[in-house]
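Student: I would like to learn how to read helix packing and pockets. Where do we start?

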Amino acid sequence: MNPLSRGASRRPQSRKGAASAPAPLDAISRNQPAPGDYAEFLRATLPQQQKNVASHRFGSERVWLKKAGPRHGKWGYRVMAAVARMAGLDVIKPVPNPGGETAIATEARRLKQLAAAGLRVPVVLAQQPDGLLISDLGESGRATVVLQERLDQAAAAGPAALLSVWREGLAAIAAVHVCGQHLSQAFDRNLVQCPDGVIGYIDFEDDPAEVMTLAECQARDWLSYLHSTAMMLEAAAPQAAGQHWHAALAGVGEEVRERIANAARRMRWAQKLPASRRWGRDTQRVRAVARLLGRWHLQPGNGVQH
């Protein structure tokens with residue numbers, strides 16, 4: 001998926017993951033397996049589900065079923081791939097989703113790995129080679145809210161509200177890294193606020209660790225989050241955001257900080273990209289990321305050489 005294709009306050013909303021409305025299958029709901037028999041529910045429901053991802057009601061629970069789908073086309077990664085190639089930045093190169101049974105196995109493995117580290121992720125309820133049944137991060141009668149949506153709402157309320165929500169995303173990523181883990185696509189659409197206020201994590205069909213070191217994966221998490229929020233911050237409160245950014249990176253290891261600083265140096269050319277909307281949202285987003293990174297990491301006293 002291309003994180004650079006969305007706009008700022010008027011960007012199209014992603015309704016995937018925990019923000020989607022339930023989509024029960026009536027034929028199944030009339031003859032459901034016994035409560036708690038997740039394996040049988042997965043076996044019976046999977047052949048009838050048309051979408052790759054859909055939510056269902058199983059008894060009193062809301063569950064999510066993911067079925068093995070085709071490999072994602074490379075066109076969806078074209079912008080990040082082009083920027084990574086021009087800047088010589090392997091850390092932001094796309095990690096193609098393998099699709100099929102491999103993606104199912106990868107997601108199940110990563111969810112179990114992150115859960116074992118004490119992080120808030122959906123529970124793997126049942127698994128078979130071509131399908132995965134996972135829990136919802138909400139509670140009875142209380143839904144989750146995708147951080148992307150909260151940022152859009154906060155942006156309309158003003159810079160202070162936007163920065164407050166944005167900091168929650170920074171803290172959520174830091175919490176993952178403190179556990180020695182990394183995310184897959186750390187965009188605002190994949191961070192969800194649970195009813196108790198804790199930020200949870202979704203979407204793990206690919207694993208950057210298969211082609212990167214841990215430090216590279218963690219730097220990629222920070223840069224991915226910045227990619228998905230840069231246009232908002234650049235338009236609303238870039239200087240204040242910089243203070244929060246540096247505070248978040250204060251406890252980050254030297255290897256990760258150097259990779260982020262290197263990204264700032266190598267993307268400096270992108271600050272001169274045209275700002276006009278006629279060049280498209282992708283260009284605007286790359287420009288916003290480069291300008292914010294340049295403002296935060298290429299200033300005297302930040303320890304980054306020009």
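Tutor: Start with contact: it means heavy atoms within 4.5 Å. Keep in mind that this is a predicted model.

Student: Which residues of α6 meet which residues of α8?

Tutor: From α6 come L163, W166, R167 and L170. Their partners in α8 are A240, A241, H244, W245 and A248. By class, this contact holds 7 nonpolar residues, 1 polar and 1 charged.

Student: How do I describe the geometry of such a pair?

Tutor: Two packed helices are described by two values, the angle between their axes and the distance between the axes. Take helix α6 (residues 159-178) and α8: the axes come within 11 Å and cross at roughly 20 degrees. Angles under 35 degrees count as roughly parallel. So α6 and α8 are roughly parallel to each other.

Student: Is the crossing of α6 and α8 left-handed or right-handed?

Tutor: α6 and α8 cross in the right-handed sense.

Student: α8 also packs on α10. At what angle do the axes of α8 and α10 cross?

Tutor: Roughly 65 degrees, for helix α8 (residues 238-249) and helix α10 (residues 281-297). Their axes come within 10 Å. The angle makes α8 roughly perpendicular to α10, since 65 to 115 degrees counts as such. The crossing of α8 past α10 is right-handed.

Student: Which residues make the contact between α8 and α10?

Tutor: On the α8 side, P238, Q239, A241, G242, W245, H246 and L249. On the α10 side, L292, R295, W296 and H297. These residues split into 6 nonpolar, 4 polar and 1 charged. Note A241 and W245 of α8: both meet α10, and both meet α6.

Student: Now α5 and α7. How do their axes cross?

Tutor: At roughly 20 degrees, coming within 11 Å. The helices are α5 (residues 147-157) and α7 (residues 214-236). That angle makes α5 roughly parallel to α7. Their crossing is right-handed.

Student: Let us turn to empty space. How is it found?

Tutor: Rolling a probe the size of a water molecule over the atoms shows where empty space is left. In this model, the second largest pocket has a volume of about 240 Å³. It is lined by 14 residues, and R57, R62, D136, G138 and E139 are the closest to its centre.

Student: Which element gives the largest share of that pocket's lining?

Tutor: Strand β2 (residues 61-67), with 3 residues.

Student: How does the lining of the second largest pocket divide by class?

Tutor: Into 6 charged, 5 polar and 3 nonpolar residues.

Key: Residues numbered from 1 in each chain as written. Predicted model: local features only at pLDDT ≥ 70, side-chain atom pairs only at ≥ 80, totals over all residues. Heavy atoms only, no water. Axes fitted to C-alpha atoms, helices over the stretch in contact; angles between N-to-C directions. Helix = DSSP H or I, 4+ residues; strand = E, 2+ residues; numbered from the N terminus. Parallel < 35°, antiparallel > 145°, perpendicular 65-115°, else oblique. Left-handed = near helix turned anticlockwise from the far one by under 90°. 1 Å grid on protein atoms, 1.4 Å probe; cavity = no way out; pocket = protein on both sides within 12 Å on 5 of 7 lines; lining within 4 Å. Points joined across faces, edges and corners; volume = space filled by probe spheres on them. Nonpolar A, V, L, I, M, F, W, Y, C, P; charged D, E, K, R; others polar.
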